[in-house]
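Please read them with the structure open beside you.

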Amino acid sequence: MKSIRNLRINYIYYFFTFLFFLLAARIIFLQFFRKELLKNLAQSQYWSLIPLEGRRGKIFDRDGRLLASSMYSYSVFVDPALIENPSQVISCLSSKLNILPSEIASKISAKKRFVWIKRKISLKEKEEIKALKLKGVGFIREQKRYYPQENLASTVLGIVDIDNKGLDGIELSYDNYLRSKQGWFKVLQDSRQKKVFLSSQIITPKDGADIVLTIDAQIQYFAEKYLFETIKKFSAKEGSIIVMDANSGEILALANYPSFNPNKRTLNANYRNYAIVDMFEPGSIFKIVTLIAAIEKNIFKDDDKIFCENGEFKIPGSTLHDWKPYGFLTFREVFKKSSNIGVAKIANKLGAKILYENIKRLGFGHKTGIDLKGEVLGKVKPPANWSKTSSYIIPIGQEISVTLIQLVRAFAVVANGGYLVKPHLVKKIYSPFFTKEIQPEREKILPTRLTERAKDILISVVEDGTGVLAKIDGFKVGGKTGTAQQFDPKIGQYSPTEYRASFIGFVSDYEPTFVIGVSIYAPKTSHFGGVVAAPLFKKVAEKTLMYFESKNLFRKNNKQNEDN
Amino acid sequence: MKKKKYLISAIFIFLAIFFYVHQKVQIYVEGYNLAKNYYLYNEYIDRRDYLVYNFAQRISLPKINEWVEKENFSSIKKDKVLALQPKTKDTLNKQENMVSAKYNVKIKFVTPIALAKEQE
C-alpha cells in the first residue's frame with residue numbers, strides 16, 4: 001500500500017517537474033530566440049511617431065506683398081466602429097458642416113475604421129463640433145493654402161489640390177521648390193494613448209522655399225480692373241493683357257478674364273491662362289514682321305509710294321480688302337493706316353523665304369520659355385506648305401496662329417533695341433538653405449538702327465494712325481492695332497460676327513521700357529483694335545507710368561535723406 | 001548599537017530610493033506637460049493663422065485700391081510734395097560742431113581713471 005502511494009506521488013512529482021521544464025524551455029525560447037520580435041512589439045505599443053509638417057513656401061510679388069501662404073486647418077473623420085449614437089452624429093455633423101444627412105449616413109455605415117467627412121473646415125466649425133464631444137468623431141490637423149489677394153493674379157498663381165500639390169500656374173511649375181519635407185518626433189504614449197515627450201529623437205521638418213515673382217501686384221490690379229471694365233463695356237467673351245519689362249523679360253502683370261477666386265473654387269470657374277495657352281490669328285498686328293523684314297532689306301524708303309488698289313486687290317484664290325480704300329500710300333503710311341494691300345505687296349516683294357526667316361527670328365512658332373506649364377507653340381506653316389494665297393495673307397496675320405505672349409515678346413524686340421528676351425514670372429527663390437536669383441536671358445537678333453526706324457514708324461501709328469486712342473500726353477507711344485476675323489469651325493469659314501481686337505504697344509524713351517499687349521475676343525459693340533484694345537492699353541500704361549513716377553519719387557527722396 | 005546602525009542605513013537607503021523614484025516621476029510629469037504645451041502651442045498657432053487670414057481678407061490690395069478710389073485719393077505728383085522743417089547742410093554741420101565741441105571740453109578737463117599701480 002505504501003509503495004503504491006509513493007509511486008503515485010512520484011508520478012505526480014515527475015509530471016509537474018516535466019511541466020516546469022516545458023515552461024522553462026518556453027521561457028528560454030521566447031527570451032533568446034524571439035527576443036527582437038517581442039521587444040519591437042512592446043515598443044510599438046508604447047512608442048509613437050508624430051509627423052511634423054513643414055510649411056509650403058510662400059509666394060510674394062516683386063515688392064514683397066504676400067500672394068499665397070499656408071495655414072493650419074482641420075479635417076473631420078469618423079471611426080464607424082466607435083460611434084454609439086449614429087443618429088445624433090448624423091444630425092450634428094450635417095447641421096454644423098452643411099452636408100446632407102444621407103451623405104453622412106452612408107459614410108458612417110461603411111465597413112471601415114477611418115472615413116473622411118469633410119476636409120479643411122474652419123476653426124470655428126472644428127471648435128463647435130469638438131464641444132459636442134461626439135464619440136467616434138476625430139480631427140486631423142492639415143495645412144490649407146490661402147491667397148490673401150483673392151482674385152488678383154489667380155491665373156498666374158494657379159491652384160493646389162486637397163493635399164497641397166500644385167495643379168496649375170506657379171504652384172505647379174515650382175512645386176518642387178514650394179513643397180515642404182515632413183519631419184518626425186518620437187514620443188512615448190501611455191495606456192490611454194496620451195503622449196509623453198521624453199525622447200530627444202526628432203527629425204526637423206523643412207519648410208518649402210519662398211518665391212518672389214516679377215509681378216507687381218499694383219500693376220496687376222490696374223490690368224485686371226481695366227480689362228474687366230473693357231470686357232463689360234464691349235460685351236466681349238474673354239480677354240487677356242500682359243505688361244512686360246522689354247529689357248529683362250520680367251512680366252509685371254498678366255491678367256485674364258474670366259478668372260477665378262482660388263479661395264472659393266467652383267467647378268465651372270475658368271482656370272485657363274488665355275495669354276499663353278490660347279492661339280489665335282493675330283491680324284494686322286502681325287504686320288510688324290513685314291515691317292522689320294522690309295527695313296532690314298532696305299528695299300523701301302519711308303517716302304516710297306505703294307499703290308493700294310483703292311481698297312480691293314485680287315490675289316490668287318481670293319480678294320484682299322482694306323478697311324478703308326486707299327490709293328497711293330508711302331511705305332510709312334502703309335503701316336500707319338494698316339493697309340492690308342500695301343503690306344501684302346511689300347511682303348510679296350520680299351519673298352516667302354525672307355518672311356519666314358523673320359517670322360521665326362521674332363520667336364513665332366516657338367515657345368517663349370515662360371515658366372508656366374501649358375504654353376503652346378502656335379502654328380507657323382513652312383514655305384513649302386504655303387499656297388499661292390498664303391504669301392499675301394500670312395503677312396497680314398491670317399493662316400498663322402500665335403499667342404499673346406509671343407506677340408508681346410516680338411514687340412519687345414523693337415522697344416529694347418533688338419533683343420529677343422525670355423519672358424519669366426519668377427525673380428527669386430529663397431530658403432534658409434539657398435537663394436536662387438533668376439537672371440534675365442536675352443539674345444541680340446536685330447541691329448539697333450533697324451529697331452529705331454521700326455520704332456519710329458510704330459510711334460506714327462499711335463500719333464496719327466489707327467492707334468490714336470492709345471496716345472498718352474507727354475510720352476511717345478508706339479504700337480500696332482489688330483482687328484482679326486476668327487475662323488468658325490461650325491460654318492467652316494471666317495465668322496462674320498466674331499473678331500479679335502488687339503493692340504500691342506510700348507512707351508518709348510522711358511525707363512523701365514515696358515510693353516503692353518492686349519487681346520479681346522468677340523467684342524460686340526465694336527470690334528476694331530483701335531477702338532476696343534488701344535484705350536485699354538492707354539489706361540493701364542498711364543496708371544503704370546504714374547505708379548512708377550511715385551515709386552521713383554520716394555526712391556529719390558529716400559536717397560536725399562540718406563545723403564543728408 | 002548595531003541595531004541603530006542598521007536603522008540609519010535603512011533610512012538612508014530608503015531616502016536615496018525615494019529621491020531616485022521622485023526624479024523619475026518628475027521626468028515623466030515634465031514629459032506630459034511638454035505634450036500638453038505642444039498641443040496648446042498648436043492651438044494658438046491655429047488661432048493666429050485664422051486671425052491673420054481674416055485680417056488679410058479685409059485689407060487685400062484690391063480692397064485698398066477700391067477704398068482709395070472711393071475716397072478720391074490721387075497719386076503723388078512731383079509738384080505736390082511738401083517737406084516740413086527741412087534741414088539744410090549748414091544747420092546740420094552747426095549742430096554736429098556743437099556736439100563735438102562739448103565732448104572736447106569734457107575730455108580736456110575730466111581726469112582719466114588710472115589703475116592703482118600706474119597712479120603710484
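1. In this predicted model, the centres of domain 1 and domain 2 of chain A, taken over C-alpha atoms, are 60 Å apart. Chain A is divided into domain 1 (2–33), domain 2 (50–211) and domain 3 (217–262 + 272–559); such bounds come from an automatic or database domain assignment.

2. A word on conventions. Residues are numbered from 1 along each chain as its sequence is written, and chains are lettered from A and ligands numbered from 1 in the order in which they are written. As the model is predicted, local features need pLDDT of at least 70 and side-chain atom pairs count only at pLDDT 80 or more, while totals for chains, interfaces and linings use all residues.

3. Start with the five-stranded sheet of chain A. This open sheet has the order β11-β10-β22-β21-β20, with antiparallel pairing. Strands here are DSSP runs of E with at least two residues, and helices are runs of H or I with at least four, numbered from the N terminus; two strands pair if DSSP finds at least two bridges between them. β11 and β20 of chain A are the edge strands with a single partner each, so one side of each has no neighbour in the sheet. From one strand to the next, the twist averages 10°.

4. Within that sheet, strand β10 (residues 238–245) of chain A is joined to β11(A) by six bridges, and the two run antiparallel. A:Ile241 stands opposite A:Ala255 in β11(A). Helix α9 (residues 217–233) of chain A packs on the sheet and touches β10, β11 and β22 (514–521) of chain A. The direction of α9 makes about 30° with that of β11(A). Angles run from 0 to 180 degrees between N-to-C directions, and axes are lines fitted to C-alpha atoms, for helices over the stretch in contact. Another helix, α17(A), lies across β20 and β21 (493–508) of chain A, at about 75° to β20(A).

5. Is helix α11 (residues 287–297) of chain A mostly covered or uncovered? Mostly covered: nine of its 11 residues are buried. A residue is buried if 20 or more other C-beta atoms lie within 10 Å of its own, exposed if 12 or fewer, and partly exposed in between, with C-beta atoms placed from the backbone. Among the buried residues of α11(A) are A:Ile288, A:Leu291 and A:Ile295. The buried residues pack against several elements of chain A, including α13 (340–350), α16 (404–415) and β20 (476–488). Just after α11(A), A:Asn298 takes a positive phi of about 55°.

6. Which residues touch the most other members of the largest nonpolar core? They are A:Phe411 and A:Val515, in a core of 122 residues. Its largest share, 10 residues, comes from α16(A). At least three residues of this core come from each of domain 2 and domain 3 of chain A. A nonpolar core is a set of buried Ala, Val, Leu, Ile, Met, Phe, Trp, Tyr and Cys residues joined through C-beta atoms within 7 Å. Leaving aside its neighbours within four places in sequence, A:Val515 is in contact (C-beta atoms, placed from the backbone, within 7 Å) with residues including A:Met244, A:Phe411 and A:Phe506. A second, separate core of 12 residues includes A:Tyr74 and A:Ile90.

7. Strands β13 (residues 312–315) and β14 (residues 318–321) of chain A pair in the antiparallel sense over four bridges. A:Phe313 has A:Leu320 as its bridge partner in β14(A). In this hairpin, with two residues between the strands, A:Gly317 takes a positive phi near 90°. The peptide bond from A:Tyr257 to A:Pro258 is cis, with omega near 0°, and A:Pro258 is in the loop between β11 (251–257) and α10 (274–277) of chain A. A:Asn98, in the loop between α3 (86–97) and α4 (101–108) of chain A, has a positive phi near 60°. A:Asn98 is exposed, with 10 other C-beta atoms within 10 Å.

8. Last, the two chains meet: 26 residues of chain B are in contact with 23 residues of chain A. On the side of chain B that touches chain A, the largest share, 16 residues, comes from α1(B).
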